[in-house]
Amino acid sequence: MKVLAAMSGGVDSAVAAARAAEAGHEVVGVHMALSKNRDQTRTGSRGCCTVEDASDARVAAERIGIPYYVWDLSDDFHDLVVEDFLAEYAAGRTPNPCVRCNERIKFASLLERATALGFDAVCTGHYASIRADGPGGAPSLHRSRNQAKDQSYVLAVMGPEAARRSLFPLGEDETKEQVRAEARARGLGVSTKPDSYDICFVADGDTRGFLERHLGEAPGEVVDADGTVLGTHRGTHGFTIGQRRGLGIQQPAADGAPRYVVDIDPASRQVVIGAAELLSRRELVATDVISFEPLAPGQAVHAQIRAHGEAMPGRILEVPEGAAAPGTVGTPDGALRLALETPVRGVAPGQTLVLYDGDRVLAAATLERRP
Amino acid sequence: MVSPAWEERAYLDHAATTVLRPAARDAFLEASQAWGNPSSVHTAGRRARGVLDEALSRIAELLEVPRSWLIMTSGGTEADNLALRAVPLGVRAKDPSRTAVAVAATDHPAVLATARALAAGPEPLEVREMPVDERGVLRPEGVEAALAGSRASVLSAALVNNETGAVQDFPALAAAARAHGTLVHTDAVQAIGHVPLPTADVDLMSLSGHKLGAPVGVGVLVARPDVPFAPTSTGGGQQRGVRSGTLDAAQAAAFAAALGEALDERERRAAEVRGLTARLRRGIAEIDPEVRFTLPEDSPQSGHILHLVHPGADSDALLFLLDERGIDASAGSACSAGVTQASPVLAAMGVSDDDSRGALRLSLGWTSTQRDVDLLLAALPEALRRARAVGSLRR
């Protein structure tokens with residue numbers, strides 16, 4: 001196969017590219033330039049967006065013996081990820097930009113471009129496993145063997161069509177140490193780089209400052225569940241569901257119990273705070289469903305609602321039109337409804353819901369505000 | 001990727017760097033054996049000085065200037081920095097009314113970014129950017145406006161533009177500048193070996209070794225003796241105190257050898273290259289009826305650069321596909337970070353951002369042959385079809 005290896009400059013994507021080449025594929029390394037004004041050197045734990053990262057990727061490609069290019073996807077990244085991130089916060093939601101980047105850049109813009117250029121697949125260093133064990137050889141997406149590094153949650157939005165044209169050579173590795181050791185053995189000088197965690201386009205890691213700079217002030221009220229005004233705030237984008245600190249409230253609750261953000265209403269710009277019990281949700285609602293296989297009401301599933309969270313047992317109540325067939329995307333109006341066995345706290349609209357059957361991904365969708 | 005072997009490839013990016021001439025390599029290797037510091041007074045030093053002096057004398061002879069006018073640099077960028085930084089500051093120190101510099105809007109970043117840095121620095125200089133017409137030629141009224149008030153210390157314009165190959169009319173520019181007492185600088189990095197140098201018309205001229213077949217890392221600034229330099233480079237005071245640092249005899253020897261060959265064969269090679277470029281132009285026009293050549297065939301140009309736009313094509317994709325098929329080409333000037341910025345050169349010539357996305361620069365040089373033209377024309381149809389498919393993905 002002709003394979004495009006996306007190379008961030010980090011250890012995972014370098015080892016993934018090396019394995020694809022060793023497997024006999026015709027591999028070309030590509031580093032995506034996602035920002036127009038890139039920092040020259042890396043600072044902190046950001047790990048993909050500097051000129052230094054591009055240069056690490058180039059050195060790794062040279063060592064593997066594959067051609068290497070930088071592709072400028074900064075316009076798409078800005079329009080489809082950064083703008084979306086800001087718009088979601090402005091709407092009182094809590095977006096996951098890494099999910100959007102997978103959905104719209106890596107397994108959309110990059111993949112489409114690669115296909116137009118004659119590539120059969122895109123290879124990345126993600127920790128997840130793609131198997132062709134669905135009906136008629138349809139691809140299925142599984143959690144990686146390395147449960148601690150598993151990235152199936154942020155990848156589920158890629159859907160089955162993109163999965164068919166993707167390779168994750170690290171999905172069956174037990175530990176990150178194996179990958180680092182292999183990088184050292186292969187002479188890939190990136191083996192000592194730290195893992196990256198922060199949002200890549202928030203240069204200094206100060207997400208709240210980034211939001212304030214771009215969204216400005218949009219003052220509103222902080223109220224309790226009865227609508228009593230307890231204080232004011234400078235913008236709903238400073239809050240996320242389940243947040244406890246920095247609420248800007250002078251007087252404590254009557255019962256002295258801690259209070260949390262339980263709702264954000266972007267229309268009235270009200271931030272509602274209340275006791276922990278008010279955060280509990282048993283029923284989840286999600287839209288923009290992307291499914292790997294048919295879903296049906298009554299089906300038992302496990303639901304994961306944040307990147308490093310646990311998958312919780314539940315049952316599908318309602319399936320939106322269209323989502324019954326794999327690979328289709330439910331309309332924004334049609335909602336997937338789900339009942340959990342045990343209530344969960346801190347369901348933030350805008351975050352991704354991923355449904356699993358064991359380690360196999362069934363579908364991804366975006367959580368909405370109210371049941 | 002199974003890419004064609006070296007001997008089956010076509011190198012069409014001589015404007016980025018040209019092929020090292022064997023004569024330059026031989027001269028470098030031989031001179032490098034004469035180790036020693038040319039500024040030392042002992043035998044080893046004298047030996048290195050001897051090699052260096054011989055090389056500088058040869059360069060001076062080839063350029064038809066006195067040897068004392070030559071300042072060796074690390075390349076074109078450093079030569080431009082001296083001309084646009086040390087000279088305007090030096091002139092202003094002598095004549096405080098000279099508070100401006102005039103630069104072509106299409107100049108190389110080595111010139112433009114240097115001028116703009118002075119404009120942003122302490123005691124800023126005024127930067128007057130001179131507009132060009134759709135052929136990339138400076139507009140006379142824009143030149144006059146930049147010279148108005150006799151405030152400009154230096155007027156700078158590339159003799160041959162690095163992206164488009166457009167050529168400026170130096171006798172006319174020099175006459176206009178002299179009338180205002182303004183010094184004239186040209187970045188002739190792309191011109192050397194392709195068009196005659198306007199040595200008599202300019203006070204300062206930047207040259208680069210690797211554009212004429214010497215190694216990367218050597219350049220020359222030709223400066224008349226009466227040009228004042230501020231001491232921006234400090235150290236041991238070598239080269240008129242303008243550019244300190246131990247001189248590199250081996251690089252000077254390589255530069256001299258490459259320059260000698262380039263000038264000796266200029267007329268013959270330039271005619272050949274022009275012929276190849278014309279064939280490329282005709283062949284590409286047949287393959288892509290929508291192609292837009294940035295310069296019309298009859299406008300002033302160097303003849304070794306063919307710049308064009310394939311509307312709707314994605315030039316990153318086109319370069320990738322051509323590379324895969326054995327063709328080394330460029331979309332414009334090379335960029336370190338790999339992020340494509342809309343070309344300021346094309347913008348200054350009135351080309352839209354959308355159009356400059358489909359840009360392709362093919363540049364020829366001393367090793368170019370008909371086979372290079374044939375390889376490009378054979379690879380282009382399929383590469384262009386796919387590059388347009390990629391271009392259509394843009395929302």
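# Reading the labels on a predicted model

Analyst: In this predicted model, the centres of domain 1 and domain 2 of chain B, taken over C-alpha atoms, are 28 Å apart. The contact between them takes 28 residues from domain 1 of chain B and 29 residues from domain 2 of chain B.

User: What makes up domain 1 and domain 2 of chain B?

Analyst: Domain 1 of chain B consists of 11-19 + 266-391, and domain 2 covers 22-263.

User: Why is A6(A) called buried?

Analyst: Buried means under 20% relative accessible area. A6(A) has 10% relative accessibility, so A6(A) counts as buried. This residue sits in strand β1 (residues 2-6) of chain A. Not counting residues up to four places away in sequence, A6(A) touches S13(A), V30(A), L110(A), C123(A) and T124(A).

User: Is M32(A) buried or exposed?

Analyst: M32(A) has a relative accessible area of 9%. The cut-off for buried is under 20%, so M32(A) is buried. M32(A) belongs to strand β2 (residues 26-33) of chain A. With neighbours within four places in sequence left aside, its contacts are W71(A), L73(A), I105(A), K106(A) and L110(A).

User: Which record covers A6(A) and M32(A)?

Analyst: The UniProt annotation "binding site", from an unreviewed entry, covers a list of residues including A6(A), M32(A) and G125(A).

User: Why is C98(A) called partly exposed, and why is C200(A) called buried?

Analyst: Under 20% is buried, over 50% is exposed, and partly exposed is in between. C98(A) has 41% relative accessibility, so C98(A) is partly exposed. C200(A) has a relative accessible area of 19%, so C200(A) counts as buried.

User: What makes β9 and β12 of chain B edge strands?

Analyst: In chain B, 3 strands form an open antiparallel sheet in the order β9-β10-β12. β9 (292-293) and β12 (359-363) each have a single partner strand, so one side of each is left without a neighbour in the sheet.

User: How do you know that β10(B) and β12(B) pair?

Analyst: Two strands pair if there are at least two bridges between them. Strand β10 (residues 305-309) of chain B and β12(B) have 5 bridges, in the antiparallel sense, so they pair. V309(B) has A359(B) in β12(B) as its bridge partner.

User: Why are the buried residues of α6(B) said to line one face of the helix?

Analyst: In helix α6 (residues 170-178) of chain B, the residues F170(B), L173(B), A174(B), A176(B) and A177(B) are buried. Seen down the axis of α6(B), these buried residues fall within an arc of 165 degrees, so they line one face. P171(B) and A175(B), on the other side of α6(B), are exposed. The buried residues of α6(B) pack against α5 (140-147), β5 (152-158) and β6 (183-187) of chain B.

User: Why is G303(B) called buried, and where does G303(B) lie?

Analyst: G303(B) has a relative accessible area of 8%, so G303(B) is buried by the cut-off of under 20%. G303(B) lies in the loop between β9 and β10 of chain B. Leaving aside neighbours within four places in sequence, G303(B) is in contact with V273(B), R274(B) and T277(B).

Definitions and conventions: Residues numbered from 1 in each chain as written. Chains lettered and ligands numbered in written order. Predicted model: local features only at pLDDT ≥ 70, side-chain atom pairs only at ≥ 80, totals over all residues. Heavy atoms only, no water. UniProt positions renumbered as here; feature names shortened; annotations may be inferred. Helix = DSSP H or I, 4+ residues; strand = E, 2+ residues; numbered from the N terminus. Buried < 20%, exposed > 50% of the residue type's maximum accessible area, 1.4 Å probe, protein only. Contact = heavy atoms within 4.5 Å. Arc of directions from axis to C-beta. Domains from an automatic or database assignment.
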